[in-house]
Amino acid sequence: MRLPDINDLIQDLQLAKQIAIEDRNPNAIVAATISQAKLLGIDKPVIKDVNADAVQTISELMNELANDDQLLTQRISHAKDEY
C-alpha cells in the first residue's frame, strides 16, 4: 500500500467538493476549497521582495516597508494567522 501523494489528495478533495456542490452544502465546499489551497501552498500572503541594493540603511528599509500599505496589511494578516 502506498501513501497518497498531493495529486491523490487534491483529487479526493475535488470529489468531496463535487459531492458538497450536489448536496448544496456551502460550508463543505468552502472547507474543501481551503484544504486544496493549503495543500497547494496558495493560502499564504505574497510577501514583497525588497531590493536590498536599493536600501542603504535599516532605517530606509523600515521606511520602504512602512510606506507600502498593502504589504503592511499582508504582514499583519500573516502574523495573526501564525500566532
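Modeller: Buried residues make up 14% of the 83 residues in this protein, and the model we are reading is a predicted one.

Colleague: Since the model is predicted, what average pLDDT does the protein have, and how many of the residues score at least 70?

Modeller: The general idea is that where pLDDT is low, the predicted coordinates should not be read in detail. In this case the protein averages a pLDDT of 80, with 73% of the residues scoring at least 70. Among the elements, helix 1, residues 6–22, has the highest mean pLDDT, at 94, whereas helix 4, residues 69–82, has the lowest, at 68.

Colleague: Which pattern does the secondary structure follow along the sequence?

Modeller: The pattern reads α-α-α-α, and the secondary structure comes to four helices and zero strands. Of the contacts between residues at least 6 apart in sequence, 32% join residues at least 24 apart.

Colleague: How should I read the length of a helix, and what span should helix 2 have?

Modeller: The expected span is 1.5 Å times one less than the number of residues. Helix 2, residues 26–40, has 15 residues and should therefore span 21 Å, which agrees with the 21 Å between its end C-alpha atoms. Helix 1, with its 17 residues, reaches 24 Å from its first C-alpha to its last, close to the 24 Å expected.

Colleague: Which residues of helix 2 are buried, and which are exposed on the other side?

Modeller: An α-helix has 3.6 residues a turn, so residues three or four places apart point the same way. In helix 2, the buried residues are Ala32, Gln36 and Ala37. Seen down the axis of helix 2, the buried residues fall within an arc of 140°, so they line one face of the helix. On the other side of helix 2, Asn27 and Lys38 are exposed.

Colleague: Against what do the buried residues of helix 2 pack?

Modeller: They pack against helix 1, and the buried residues of helix 1, in turn, pack against helix 2. Those of helix 1 are Asp8, Ile10, Leu13, Lys17 and Ala20. Glutamine 36 gives a detailed view from helix 2, being buried with a relative accessible area of 7%. Leaving aside residues up to four places away in sequence, glutamine 36 touches Ile10, Leu13, Gln14 and Lys17.

Colleague: Where is the salt bridge, and how far apart are its closest N and O atoms?

Modeller: A search of the whole structure finds one salt bridge, formed by aspartate 8 with arginine 2, and the closest N and O atoms are 2.8 Å apart. The two partners can be read through their accessibility: aspartate 8 counts as buried because its relative accessibility is 18%, under the 20% cut-off, while arginine 2 is exposed, with a relative accessible area of 56%.

Colleague: Which residue caps the N-terminal end of helix 1, and which residue takes a positive phi just after helix 1?

Modeller: At the N-terminal end of helix 1, aspartate 5 is the cap, with a side-chain oxygen lying 3.1 Å from the backbone nitrogen of asparagine 7. Just after helix 1, arginine 24 takes a positive phi of about 55°, although arginine 24 is not a glycine. Arginine 24 is found in the loop between helix 1 and helix 2, where it counts as exposed at 73% relative accessibility. Just after helix 2, a positive phi of about 75° is taken by glycine 41.

Note on methods. Residues are numbered from 1 along each chain as its sequence is written. Side-chain values use heavy atoms; hydrogens and water are left out. A salt bridge is a side-chain nitrogen of Lys or Arg within 4 Å of a carboxyl oxygen of Asp or Glu. Buried means under 20% relative accessible area, exposed over 50%, partly exposed in between (1.4 Å probe, protein chains only). pLDDT is the predictor's confidence in each residue, from 0 to 100. Helices (H or I, at least four residues) and strands (E, at least two) are DSSP runs, numbered from the N terminus. The arc is that of the directions from the helix axis to the C-beta atoms. Contact means heavy atoms within 4.5 Å. A polar contact is a pair of N or O atoms within 3.5 Å; within protein, one must be able to donate a hydrogen and the other to accept it, and residues adjacent in sequence count only if both atoms are side-chain atoms.
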